[in-house]
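Here is a short briefing for a first look at this structure. Keep the sequence and the model side by side as you read.

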Amino acid sequence: MIEETKLSRKKDTSIERIGFLSRFEVTNEEHPLSSGKSSLWNQYFQDSELLEQIDRDVKRTHPDISFFSSKSNQESLRRILIIFSKLNPSIRYVQGMNEVLAPLFYVFKNDPDPSNSASAEADAYFCFVELLSGFRDNYCKHLDNSSVGIRSTLSKLSQLLKRHDEELWRHMEVTTKVYPQYYAFRWITLLLTMEFSFNVCIHIWDAILGDPEGPSDTLMRICCAMLILVRKRLLAGDFTANVQLLQHYPATNIDHLLHIANRLRGTVPG
């Protein structure tokens, strides 16, 4: 009887040993609180935050346009952004990318040829990757202060304005201290999608994507033209008035804006 009891205890102990992992055997990578890059738990929490951010942004995409309220279209946008973020770990997802994706998906999905619109999600993903490849350095935080990061891009806009309208440049950056980072960061990173109505944005994108100088230089010329177009109001304004004006750009004649941008051709700093 005593022997049977000892044997039973040994079995129970072996079951406990098999069923539970001793504390010292839990590696740092397997610990739920580990912040290491190789930690599966850390990756899980990062992915969860990423998915939540994408979900929120997709639902906020042009809520005034019924097309973007469709569940199936929202799912397409969501899948594209998730796949892009997973395949581009140096960038991942940056808030606002949904606004850059929206015009592409909208145009492909509304193709009058059903055989084309059926592949809208794949086509939009391909073009989204191609489009961002020319601007990807603006989204990389570790490149912000480099010669190719967003600060360098904003500096190019400043140089372009100085080259074509030094009086306006001096008033903006010397007198009122309104530097491009106060207004043009959003212009450039979101490709003007937040500055104009959706239909006007598509019109502007026709110029950006179709210009032989390339999207990056064309966008820079359009941004500079936006400043020149409201120069009288800017020259009359102080810091507060000018920041408010440029952060809420007024309705304007887009054809005239693109005409001014076209006159700046070939002058964007290298």
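Pro180 is buried, because its relative accessible area is 3%, under the 20% cut-off. This proline sits in the loop between α8 (166–175) and α9 (184–189). The model is a predicted one.

**Around Pro180**
- Pro180 touches Leu154, Leu157, Ser158, Glu173 and Phe185, with residues up to four places away in sequence left out.
- Leu246 is 66 residues from Pro180 along the chain. The C-alpha atoms of Pro180 and Leu246 are separated by 9.8 Å.
- Lys177 is found in the loop between α8 and α9 too. Lys177 counts as partly exposed, at 41% relative accessibility.
- Most residues other than glycine have a negative phi. Lys177 is not a glycine, yet its phi is positive, at about 60°.

**The protein as a whole**
- How many helices and strands does the protein have? There are 14 helices and 0 strands.
- Read along the sequence, the pattern is α-α-α-α-α-α-α-α-α-α-α-α-α-α.
- The protein has 270 residues, and 41% of them count as buried.
- Take the contacts with a separation of 6 or more: 66% of them join residues 24 or more positions apart.
- The protein exposes about 15,600 Å². Carbon and sulfur atoms supply 54% of that area.

**The largest nonpolar core**
- The largest nonpolar core holds 72 residues. Phe128 and Trp187 touch the most other members.
- Helix α11 (residues 215–229) gives the largest share of this core, 9 residues.
- Phe128 touches Ile80, Leu81, Phe84, Met97, Val100, Leu101 and Leu104, not counting residues up to four places away in sequence.

**Aromatic rings**
- A search of the whole structure finds 12 aromatic pairs.
- One of them joins Phe68 and Phe198. The ring centres are 5.5 Å apart, with 80° between the planes, and the pair is edge-to-face.
- This pair links distant parts of the chain, 130 residues apart. Phe68 is in the loop between α2 (40–60) and α3 (71–87), while Phe198 is in helix α10 (residues 198–210).
- Both Phe68 and Phe198 are buried.
- Why is the pair of Phe84 and Phe128 edge-to-face? The planes of Phe84 and Phe128 stand at 70°, and an angle over 60 degrees counts as edge-to-face. Their ring centres are 5.1 Å apart.
- Phe84 lies in helix α3 and Phe128 in helix α6, so the pair ties together parts 44 residues apart in sequence.
- Both Phe84 and Phe128 are buried.
- Phe67, Phe68, Phe105, Tyr106 and Phe198 form one aromatic cluster.

- Cys223 has its place in helix α11. Its relative accessibility is 0%, so Cys223 counts as buried.
- Cys223 touches Leu157, Trp187, Ile188 and Leu192, again leaving out residues up to four places away in sequence.
- Cys223 and Trp187 are 36 residues apart in sequence, and their C-alpha atoms are 7.4 Å apart in space.
- Arg221 is also placed in helix α11. Is Arg221 buried or exposed? At 1% relative accessibility, Arg221 counts as buried.
- Leaving aside neighbours within four places in sequence, Arg221 is in contact with Leu160, Asp211, Glu213, Ala261, Asn262, Leu264, Arg265, Gly266 and Val268.

- Asn138 lies in the loop between α6 (120–133) and α7 (150–164). This asparagine is buried, with a relative accessible area of 9%.
- The side chains of Asn138 and Thr153 are joined by a polar contact of 2.9 Å.
- His62 lies in the loop between α2 and α3. At 13% relative accessibility, His62 counts as buried.
- Phi of His62 is near 40°, a positive value in a residue other than glycine.

Methods:
Residues are numbered from 1 along each chain as its sequence is written. Side-chain values use heavy atoms; hydrogens and water are left out. A nonpolar core is a set of buried Ala, Val, Leu, Ile, Met, Phe, Trp, Tyr and Cys residues joined through side-chain atoms within 4.5 Å. Buried means under 20% relative accessible area, exposed over 50%, partly exposed in between (1.4 Å probe, protein chains only). Helices (H or I, at least four residues) and strands (E, at least two) are DSSP runs, numbered from the N terminus. Contact means heavy atoms within 4.5 Å. A polar contact is a pair of N or O atoms within 3.5 Å; within protein, one must be able to donate a hydrogen and the other to accept it, and residues adjacent in sequence count only if both atoms are side-chain atoms. Accessible areas come from the Shrake-Rupley method with a 1.4 Å probe; for residues, only the protein chains shown count as cover. Rings of Phe, Tyr and Trp (its six-membered ring) pair if their centres lie within 6.5 Å; planes under 30 degrees apart count as stacked, over 60 as edge-to-face and the rest as tilted.
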